[in-house]
Amino acid sequence: IYWCLLDGADVNRQFIKLHFKDQDPLEKKFVVENIFTGNPMVFIMDPKHNIKKIRNNILKSNDITKKPCCLQKGNKAITWAQFKAAYDWDQNSFSLPLHEKLTLQHFKLDPSSKMRNHLAENVLDSKMLFLMQKYQENLNEGGKDGSALDATIELLSSNILGLFGDKLLISSTSDSRLAKLDNFYKFKMNWREETKDSNNSFISSKLFFDLQSMCLGFQAIVHLKLTRFLSSAIKPAIVNQDVAENHFCQIRACNGQNNNPTFAQQQSTQNSIRLGQTTISRKSNAGNLSTSNFTSCSLPMSCSKKS
């Protein structure tokens with residue numbers, strides 16, 4: 001064991017800091033000595049949770065009331081209203097939308113939908129960047145101030161969503177995707193420096209810590225694995241908690257309102273999930289509507305009875 005992946009709960013941040021005692025995790029690049037083996041141990045916050053939290057920070061950004069915050073970079077606001085306006089323009093202007101995955105569900109979020117990974121990823125991906133750029137061009141052509149979207153486009157341009165969804169292996173520390181991750185990290189650090197006198201203009205301190213852990217931690221994992229285990233490789237798409245998230249969501253679905261199942265109930269639930277459920281549940285936070293319908297129960301079986 002040489003790396004530990006955690007979600008963004010506050011107790012997990014305290015857990016990380018506990019291992020560094022009086023040291024700054026940032027200075028150590030979130031790498032500490034394993035107290036049992038003496039080998040390096042890397043702590044990294046789950047990228048999928050971080051993507052949702054970036055979306056949630058933008059969701060709270062309001063340039064009119066400034067409450068609860070108004071994200072700004074280079075004196076340009078980054079607000080949820082800009083994303084909604086781009087979506088409305090896309091839906092009303094083209095029979096085939098530029099970003100075909102966006103729906104009202106992406107913008108009318110409730111506590112449950114805020115937890116769904118794909119709803120956050122779709123509003124921060126490369127297609128959203130393309131849509132926002134075209135929307136800016138439309139504003140400029142119509143005599144409006146398209147430069148108001150500069151900061152939002154810069155944020156979308158720096159996003160590392162593509163890296164942590166990439167199934168292509170990383171087998172070298174000089175991989176260009178690591179350079180993009182480093183650029184994303186520098187973007188966040190520069191943004192923090194610009195807004196150091198106004199916390200209201202920057203993402204939450206908790207998310208900032210999580211993003212630092214994600215960027216530095218992933219780079220440390222790549223360096224550690226490729227130097228200690230020669231001829232090895234890392235698949236960025238599996239550096240997340242989706243497997244555990246799917247399993248726990250299926251457990252909750254089976255147990256209904258029972259938050260404290262007995263051992264016998266838990267045993268039955270585990271067997272049902274392992275033998276009869278899909279590998280990735282559509283109803284889980286990590287699932288989406290494109291999930292395959294294949295289940296272990298759909299395998300061809302001969303069940304004829306003996307006479």
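## A three-stranded sheet

Let's start with an open sheet of three strands in the order S1-S3-S2, with mixed pairing. Two strands count as paired if DSSP finds at least two bridges between them. Strand S1 (3-6) and strand S2 (31-33) stand at the edges with a single partner strand each, so one side of each has no neighbour in the sheet. From one strand to the next, the twist averages 25°. In general, strands of a sheet pair through backbone hydrogen bonds, either parallel or antiparallel. Here S1 and strand S3 (residues 40-45) pair in the parallel sense over four bridges, and Leu5 stands opposite Ile44 in S3.

Helix H1 (residues 10-20) lies across S1, S2 and S3 and runs at about 155° to S3. Axes are lines fitted to C-alpha atoms, for helices over the stretch in contact, and angles run from 0 to 180 degrees between N-to-C directions.

## What you're looking at

This is a predicted model, where local features need pLDDT of at least 70 and side-chain atom pairs count only at pLDDT 80 or more, while totals for chains, interfaces and linings use all residues. Residues are numbered from 1 along each chain as its sequence is written, and side-chain values use heavy atoms, with hydrogens and water left out.

The protein chain has 10 helices and five strands. Helices (H or I, at least four residues) and strands (E, at least two) are DSSP runs, numbered from the N terminus. Of the 307 residues in the chain, 45% are buried; buried means under 20% relative accessible area, exposed over 50% and partly exposed in between, with a 1.4 Å probe and protein chains only.

The axes of helix H3 (residues 80-93) and helix H5 (residues 126-141) come within 10 Å and cross at roughly 80°. That makes H3 roughly perpendicular to H5 (65 to 115 degrees; under 35 is roughly parallel, over 145 roughly antiparallel and the rest oblique).

Who meets whom? On the H3 side, the residues in contact include Phe83, Tyr87 and Trp89, and on the H5 side they include Met128, Met132 and Tyr135. Contact means heavy atoms within 4.5 Å.

Leaving out residues up to four places away in sequence, Ile58 touches several others, including Leu71, Phe83 and Leu155.

That last one, Leu155, is among the buried residues of helix H6 (residues 150-157), along with Ala151, Thr152, Ile153 and Leu156. What covers the buried residues of H6 includes helix H2 (47-59), strand S4 (71-73), strand S5 (76-78), H3, H5 and helix H7 (176-194).

## The end of helix H9

Leaving aside neighbours within four places in sequence, Asn255 is in contact with Pro261, Gln266 and Thr269.

Cys254 also lies in helix H9, but at 39% relative accessibility Cys254 counts as partly exposed. Cys254 and Thr269 are 15 residues apart in sequence and 6.4 Å apart in space, C-alpha to C-alpha.
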